[in-house]
Amino acid sequence: MKYRKLGKTGIKVSEISLGTWQVGGKWGSGFDDALAEHIINEAIDAGVNFIDTADVYEAGASEAAVGRVVKSRSEEVFVATKCGRQINPHVNEGYTVEVLRKYVEDSLKNTGLDCLDLIQLHCPPTEVYYRPEIFELFDRLKDEGKIKNLGVSVEKVEEGLKAIEYPNVNTVQIIFNMFRQRPSELFFEQVRKKDIGVIVRVPLASGLLTGKFSSDSTFDKDDHRNFNRDGAAFDKGETFSGVPFDLGLKAVDELKKVFPQRDNLAPVALRWILDFPEVSCIIPGASKVEHLNSNIKAAELPPLTDKEKVAVNEIYDKHIKKHVHHLW
């Protein structure tokens, strides 16, 4: 495993880290504590030292599992969690200093940790980024020893750019992959200037970029890949990166021609992301240890060739760009 600096936090994190949205099983399948702990332990065994969770993942079960495992290990493992998505309805007016403070304190209890390495606002409405009092709260929480660093998880490049205007924002978690390339433009330019840690989520476009799906693929009724394609429950950009499923399959078929030696595109899709030095780490999820092992292999691959990069960009420009680039 290789490690990169997480922006101005100074923390060195594993290039391939772990996201825990579905670590206790597949989306919508319920939470299996034993499976979650097994996957997290295997990740740490493989050199993963950064784990991302959230208070809303299986109503806190994910946070609790992460906390149990991390406390049982001798290695230094950094825990990032998120707050704000419990607000219902999820609107700007629901974001208050009092509510967010309680969420942070609840996460401390849930994980059993004395201090959170990184707390992130969890994809708040755009208006929240224009409210300094929300960001000032986290300075007080840091002074109280409850958090070490503040970050944001964003849906849009615009939100990431606004967030990093606040000096206490050290990291931005953002969707970035072969089918969501806009962050590599102005956003990456600004994070370089401000030494911001970039945490990449949805790196495989909800599994689309594994190359394992076909037009016959089906998803459980509680799986967001079934019910959220048009944004029925949350931002549709979280599901297949906002790419229409059939169109995504067509683009993936062309990617397979670029990488004919790969029956599993996941490692090369992750390697494409790692070829951007602005990226601190990627947090692919894993509902099975096999998924984890596949993801970790990406760090061992050589960088893509210039020819391969050009081919990926041509596929993006031809099939994907007009559907997603201007939206996020």
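Modeller: First a term: buried means under 20% relative accessible area, exposed over 50%, and partly exposed in between, with a 1.4 Å probe and protein chains only. This is a predicted model: local features need pLDDT of at least 70, side-chain atom pairs count only at pLDDT 80 or more, and totals for chains, interfaces and linings use all residues. Residues are numbered from 1 along each chain as its sequence is written, and side-chain values use heavy atoms, leaving out hydrogens and water.

Biologist: Is Cys83 buried or exposed?

Modeller: Cys83 is buried, at a relative accessible area of 0%.

Biologist: How many disulfides are there?

Modeller: Zero, across the whole structure. A disulfide needs two cysteine sulfur atoms within 2.5 Å.

Biologist: New topic. Which residues have the most contacts inside the largest nonpolar core?

Modeller: Phe138 and Phe179, in a core of 93 residues. Such a core is a set of buried Ala, Val, Leu, Ile, Met, Phe, Trp, Tyr and Cys residues joined through side-chain atoms within 4.5 Å.

Biologist: Now helix 4. Which of its residues are buried?

Modeller: Ile134, Phe135, Leu137, Phe138 and Leu141. They sit on the same side of helix 4, because they cover an arc of only 140 degrees around the axis, taken from the directions from the helix axis to the C-beta atoms.

Conventions. Helix = DSSP H or I, 4+ residues; strand = E, 2+ residues; numbered from the N terminus.
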